[in-house]
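This report goes through selected local features of one protein model, grouped by theme. Please read it beside the sequence and the coordinates shown here.

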Amino acid sequence: MISSLRNIFSIPELRRRILFTLGVLVVYRIGCHIPTPGVDSQVLAGFFQGTEGTLLGLVSAFTGGALKRMTVFALGIMPYISASIILQLLTVVFEPIEKLSKEGEAGKKKITQYTRYGTIVLSIIQGAGIAVGLQTMRGPAGEMVVPNPGMGFILLTIITLTAGTAFIMWLGEQITERGIGNGISLIIFAGIVATIPSAIVNTMRLTRTGALSPFGLIAIGVLMVAVVWAIIFMERGQRRVPIHYARRVVGMRNQGGQSSHLPLKVNMSGVIPPIFASSIIMFPATVANLVDVPWVQKVASYMTPDHIIYNVFYVAFIIFFCYFYTAVTFNPVDVADNVKKQGGYIPGIRPGKETAEYLDTVLTRLTFAGALYVSAVCVLPTILIGQFNVPFFFGGTSLLIVVGVGLDTAAQIEAHLVSRSYEGFMRGVTLKGRRG
């Protein structure tokens, strides 16, 4: 490991990218501690006591505790993710956006620009909802969270939270362009990881006081290890479709006559489905928690991670986005045409239409298996750990994001090392995928 780390920092470009990424994440964590003006942080902390294990606890975990402290980054990156969902849905149902998506780099830049505009609009809407909700919130002793409510506070909060989200969006894009890994995923990763130390300390404290039994603590540890192992096992799983290339003569040389394979991952959509599903469920439920209306509060009580209705909607959204995102990123017809143009074919399958149908069938089955795996990872630990009354939210969603982003980032570092003839980042381990 020491040798691998030495290799990493011996490459100037890779060293610069890693240090830049770490620096940006430090800036993000600093922003998570800058309070929003006009909010009594002590009263707000009293209001948030006991939200661990609830939806607000989950939202706060995704923002690295920024929502709990009501800082300038309280909205986090979720408005950007929601805007991305809307644009990707429009890619399928709205013809002008669909044409843009097929225009290469220029179209991609235009869609990214629309996503930024959508992020600002959603941030303004969510910021207004939070500002109005804060004015109605009171601490345990009846103290007002906002000592001086009014239109001035609402406007200031909207501007502050919107600017915070826009800045996070910019930081994520800078990491993707000039750092290592996917910027948006790494920001979510940093927010989740930042809550782990305090959660561990709190758990140990409750274990010493007897509120959490030693057996329950051991069971949690075993379950976490098992889930991490299952995530790594499935994320590296692939179905390798064999492809043969016919031998042909070009000039005085023979070309082709080789065999290769097309790797299809079991979970081709990665951590996108649970992130999208969480953002969709979080938005209305968070607003409901901030509105003091009886029927709204009753609906919000059903949308907690330990309730069956929440989990049914959650699993349904995950399965939908697994298929949707896979369909957006992988087109069997285009792949079949490219294979045919290169003189390749799948043994026993005719090139062209039949190859596309075969790939679509294989991909559909793989996506179904991947969707079930992602759903199980995101839901089952929440249900099981809820039986032990764990004092913090440990969800498969957070763990899937942490492990998935960690594997993707390690794979990018591995690619930089291998491209320069260095030994891989993880000696004796391949991050390219496991044959399934």
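## Salt bridges

A search of the whole structure finds three salt bridges, a salt bridge being a side-chain nitrogen of Lys or Arg within 4 Å of a carboxyl oxygen of Asp or Glu. The model is a predicted one, in which local features need pLDDT of at least 70 and side-chain atom pairs count only at pLDDT 80 or more, while totals for chains, interfaces and linings use all residues. Residues are numbered from 1 along each chain as its sequence is written, and side-chain values use heavy atoms, with hydrogens and water left out.

In one of these bridges the side chains of R17 and E13 meet at 3.5 Å, N to O; because the two residues are four apart in helix α2 (residues 12–31), about one helical turn separates them. Helices here are DSSP runs (H or I, at least four residues), numbered from the N terminus. E13 is partly exposed at a relative accessible area of 27%, where buried means under 20%, exposed over 50% and partly exposed in between, with a 1.4 Å probe and protein chains only. The side chains of E95 and K99 also form a salt bridge, at 3.6 Å from N to O, and both residues lie in helix α7 (residues 95–101), four residues apart, about one turn of the helix.

Which parts of the chain does the pair R116 and E173 link? R116 forms a salt bridge with E173, with the closest N and O atoms 3.0 Å apart, and this pair links distant parts of the chain, since R116 belongs to helix α8 (residues 104–136) and E173 to helix α9 (residues 151–178), 57 residues apart. R116 counts as partly exposed, at 34% relative accessibility.

## A nonpolar surface patch

Y302, I308, I309, V312 and F313 make a nonpolar surface patch of about 460 Å². Such a patch is made of residues with over 30% relative accessible area and no salt bridge, nonpolar side chains (Val, Leu, Ile, Met, Phe, Trp, Tyr) being joined within 5 Å. Helix α15 (residues 308–329) supplies the largest share of the patch, four residues. F313 is found in helix α15 and is partly exposed, with a relative accessible area of 43%.

## Buried residues and cysteines

S375, in helix α17 (residues 353–386), is buried at a relative accessible area of 6%. Leaving aside its neighbours within four places in sequence, S375 is in contact (heavy atoms within 4.5 Å) with V315, I318, I319 and L380.

The structure holds zero disulfides, a disulfide being a pair of cysteine sulfur atoms within 2.5 Å. For C322, the nearest cysteine sulfur is that of C378, 8.7 Å away. C322 counts as buried at 1% relative accessibility, and C378 is likewise buried, with a relative accessible area of 2%.

T91 has its place in helix α6 (residues 78–93) and counts as buried, at 17% relative accessibility. The side chain of T91 reaches the backbone oxygen of L87 at 2.8 Å. Not counting residues up to four places away in sequence, T91 touches I97, E98 and S101.

M204 lies in helix α11 (residues 196–209) and counts as partly exposed, at 39% relative accessibility.

Technical notes
Patches are made of residues with over 30% relative accessible area and no salt bridge: like charges are joined within 9 Å, nonpolar side chains (Val, Leu, Ile, Met, Phe, Trp, Tyr) within 5 Å. Accessible areas come from the Shrake-Rupley method with a 1.4 Å probe; for residues, only the protein chains shown count as cover. A polar contact is a pair of N or O atoms within 3.5 Å; within protein, one must be able to donate a hydrogen and the other to accept it, and residues adjacent in sequence count only if both atoms are side-chain atoms.
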